Amino acid sequence: MRRERREGGRRGGSVWKGLAAGAVGGLAAAWTMNQFQALWSKLAEGEERSHGAQSMQQGTPQHGIGRKLELRGSDDADDNAAVRAANAISELVFDHRMTKGEKEAGGAVAHYAMGVASGAIYGALAELLPEATVGAGTAFGVSVWLVADELIVPALGLSKSPTKYPLETHAYSIASHLVYGLTTEVVRGTVRAAL
């Protein structure tokens, strides 16, 4: 029964094709998520922000990576988690202090890298366990929000604790990830069908 289920779930699927389709889906979804966030922040605050749902999670964390960067004098309270991640790699790995422009570009790279990596994992998982696509990718989006935004990012000190942000910030974040998950699935499914 277990073997039948595994083989039936794959239906001749290929993890490599799923990985590739998921990566393309994740890239498209990261871009779509940025557009959604720019619109949301412009309507809500009159200011466009992007780089992932963490863009409204500003303020220097007093632990982990954020604290290390603050002690080096290179963290800015306006930095978001994506910018802080890029800054941490530049400062702590390459000992290079980034300019404001480099931080913005680095934040965009970090955001897209996370989008592509998450999408690739999702695409591979969809090949092995088709149930992973439940809710047209929205369950995947919520999972990324919960694991990344609410657990890993704060634990590493890339943002403050989730309890330090208002409910509106969490609503923005989860809505952004629903858009991300749905877009990832639509694009992944289209690309995978073409492969």
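The structure is a predicted model, in which local features need pLDDT of at least 70, side-chain atom pairs count only at pLDDT 80 or more, and totals for chains, interfaces and linings use all residues. Residues are numbered from 1 along each chain as its sequence is written, and side-chain values use heavy atoms, with hydrogens and water left out.

**Overall picture**

The predictor's confidence in each residue is given as pLDDT, on a scale from 0 to 100. The protein chain averages a pLDDT of 87, and 87% of the residues score at least 70. Over residues 1–10, however, the pLDDT is below 50. Beyond near neighbours in sequence, this stretch has four contacts in the model, where contact means heavy atoms within 4.5 Å.

The secondary structure comes to seven helices and zero strands. Helices (H or I, at least four residues) and strands (E, at least two) are DSSP runs, numbered from the N terminus. Of the 195 residues of the protein chain, 43% count as buried. Buried means under 20% relative accessible area, exposed means over 50%, and partly exposed lies in between (1.4 Å probe, protein chains only). Among contacts between residues at least 6 apart in sequence, 69% join residues at least 24 apart. The accessible surface of the protein chain comes to about 10,200 Å², of which 64% belongs to carbon and sulfur atoms; such areas come from the Shrake-Rupley method with a 1.4 Å probe, and for residues only the protein chains shown count as cover.

After H6 comes Gly 157, whose phi is positive, near 80°.

Among the buried residues of H4 are Ala 82, Val 83, Arg 84 and Glu 91. The buried residues of H4 pack against helix H3 (64–71), H5 and H6.

**The nonpolar core**

A nonpolar core is a set of buried Ala, Val, Leu, Ile, Met, Phe, Trp, Tyr and Cys residues joined through side-chain atoms within 4.5 Å. The largest one has seven residues: Ala 29, Met 33, Tyr 122, Phe 140, Val 144, Ala 148 and Tyr 180. Helix H2 (15–45) and H6 each supply at least two residues of this core, and H6 gives the most, with three residues. In soluble globular proteins, nonpolar side chains tend to be buried together.

Ala 29 lies in helix H2 and is buried, with a relative accessible area of 0%. Not counting residues up to four places away in sequence, Ala 29 touches Tyr 180, Thr 183 and Thr 184.

Gly 18 is likewise found in helix H2, and at 0% relative accessibility Gly 18 counts as buried. Leaving out residues up to four places away in sequence, Gly 18 touches Ala 120, Gly 123, Ala 124, Glu 127 and Arg 192. Gly 18 and Glu 127 are 109 residues apart in sequence and 5.8 Å apart in space, C-alpha to C-alpha.

**Loop residues with positive phi**

Most residues other than glycine have a negative phi. Asp 95 has a positive phi of about 50° although it is not a glycine. Asp 95 stands in the loop between H4 and H5 and is exposed, with a relative accessible area of 62%. Ala 136, in the loop between H5 and H6, has a phi near 55°, which is also a positive value in a residue other than glycine. At 39% relative accessibility, Ala 136 counts as partly exposed.
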